[in-house]
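Here's a quick briefing to read with the model open beside you.

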Amino acid sequence: MVDPPAAPSLHAQLEQHRAALVARMGGDPQHVRVFFAPGRVNLFGGHLDYNGGPVMPTAIDRGTFLAVRPRVDRILRLESQLDSQGIQFGLDQVPKDRSGRWVDYPVGVIRELLLGSGSPSPHAHLRGLDVLYGGNLPVGAGLSSSASICVGTAFAMDRVWELGLDRMAQVSAALAAERNFVGVQCGIMDPYAIGLAKPGHLLWLDCKDQSYEHLAVDFSALAIVVANSGVQRELAAGEFNKRVQQCKQAFEALQPYQPGATCLRDIEQELFERHRGRLQPVLARRAMHVVSEVKRTFSARAALLAGDYSALGASMTKTHQSLRDDFEVSSPELDLLVDAATEAEGCFGSRLTGAGFGGCTVLLVDPAHVPQVVQHVQTRYSAEKGWVPAVEVFHGDQGPREWSGAVEA
Ligand code: GLA
């Protein structure tokens with residue numbers, strides 16, 4: 001297979017993005033500020049965040065670009081390189097209703113930042129902005145392009161408008177925008193993974209009490225590879241919210257047998273086994289995934305800390321099976337990618353990442369075997385599907401930042 005041409009560096013892409021704002025929106029480049037917010041890949045804890053469980057994601061070196069230029073009036077103009085249609089509105093008339101388009105993400109964040117406190121207009125002194133969005137993260141592929149846009153917007157607006165928000169306030173605004181404005185009942189994992197990123201580390205986040213720590217990973221011994229099925233999924237399309245609802249119903253049915261439990265994560269496996277017959281079969285399958293995934297995620301953490309990558313990978317592949325059979329969020333393309341990966345020498349394990357239904361799989365690979373694993377997955381996938389999927393090594397990232405042209409702040 002022919003190697004793809006080397007991608008331009010992130011810094012070169014961010015400089016191009018500065019120029020792109022001027023090309024698209026006119027004016028001069030002098031006061032354009034450029035920002036980057038990463039995406040994330042989740043390694044362990046599939047669909048556990050909204051069940052109060054532990055998750056282990058990492059930010060990745062792909063994400064959202066924002067070019068921002070202050071205006072003299074109070075108009076906010078938002079455009080994207082990925083969509084010909086943007087939006088324009090006054091700072092005193094931030095849209096109240098979602099449109100079903102990409103602009104809902106930044107508009108939702110801006111509503112949170114400007115109106116979140118409930119006060120009518122505490123920001124009368126702010127000036128409008130021209131904003132151009134873009135990036136190098138596949139959209140709708142399970143790599144959290146939506147949280148990347150939301151955290152990136154909160155970070156950039158905080159800087160440009162000098163709102164003085166700390167990182168957790170930015171993360172909260174991003175989360176509230178997705179839940180309240182876009183209407184996806186997502187858990188806390190994605191904005192936390194992006195907002196609290198630390199290079200060379202995975203984030204261990206306990207979604208029950210929001211405590212977290214950074215776990216060091218030796219990336220010279222463990223490569224994170226992402227394979228894109230090319231089948232897009234639509235998170236807000238209902239299936240995700242349906243899973244959230246089913247988990248809630250399963251918890252409500254089990255909670256009377258374990259009165260101290262406050263979320264599905266708390267339900268003990270033995271108790272679940274004893275009472276699963278009382279649940280509708282579909283709810284029992286959803287709960288089975290959550291209960292077993294909590295155990296797997298703790299085992300994965302132990303394997304990571306022990307440097308046992310074979311055990312770590314085996315646990316990851318079991319997660320995929322559980323997401324496929326019990327949680328039913330996989331697809332034939334994702335299963336094919338996982339099958340192809342796990343039969344290749346040097347691949348420790350693989351699973352779908354993100355919500356599922358399409359998008360990407362993640363593979364843990366021995367760095368010495370990356371080229372062979374990539375080739376095997378591409379060859380097998382293209383033999384069955386007729387085209388070659390992108391399969392690439394992703395690196396970690398330091399989180400949202402401003403690119404000043406010389407240094408990152
Ligand atoms: C999506 C959601 C997350 C999480 C994952 C599944 O990415 O946004 O909150 O629930 O799915 O693990």
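What follows is a short tour, grouped by topic.

This is a predicted model, where local features need pLDDT of at least 70, side-chain atom pairs count only at pLDDT 80 or more, and totals for chains, interfaces and linings use all residues. Residues are numbered from 1 along each chain as its sequence is written, and side-chain values use heavy atoms, with hydrogens and water left out. Helices (H or I, at least four residues) and strands (E, at least two) are DSSP runs, numbered from the N terminus.

**Helix α6 against helix α8**
- Helix α6 (residues 239-254) packs on helix α8 (residues 281-306) at about 90 degrees, with the axes 9 Å apart; axes are lines fitted to C-alpha atoms, for helices over the stretch in contact, and angles run from 0 to 180 degrees between N-to-C directions.
- So α6 is roughly perpendicular to α8 (under 35 degrees is roughly parallel, over 145 roughly antiparallel, 65 to 115 roughly perpendicular, the rest oblique).
- On the α6 side you'll find R243, Q246, C247, Q249, A250 and L254, which meet V282, L283, R286, A287 and V290 of α8.
- Those residues split into seven nonpolar, two polar and two charged (Ala, Val, Leu, Ile, Met, Phe, Trp, Tyr, Cys and Pro are nonpolar, Asp, Glu, Lys and Arg charged, and the others, Gly among them, polar).

**Helix α10 against helix α11**
- Helix α10 (residues 332-342) and helix α11 (residues 370-385) cross at roughly 140 degrees, and their axes come within 9 Å.
- That angle makes α10 oblique to α11.
- The contact residues here are six nonpolar, one polar and five charged.

**Nonpolar cores**
- The largest nonpolar core has 76 residues, and L78, W161 and I267 have the most contacts inside it; a core is a set of buried Ala, Val, Leu, Ile, Met, Phe, Trp, Tyr and Cys residues joined through side-chain atoms within 4.5 Å.
- Helix α3 (residues 145-161) supplies the largest share of this core, ten residues.
- A second, separate core of 25 residues includes V41, I60, L137 and L304.

**A look at M56**
- M56 sits in strand β2 (residues 54-70).
- At 0% relative accessibility, M56 counts as buried (under 20% relative accessible area; exposed is over 50%, partly exposed in between, with a 1.4 Å probe and protein chains only).
- Leaving aside neighbours within four places in sequence, its contacts include L202, W204, L215 and L304 (contact means heavy atoms within 4.5 Å).
- M56 and A67 are eleven residues apart in sequence and 31 Å apart in space, C-alpha to C-alpha.
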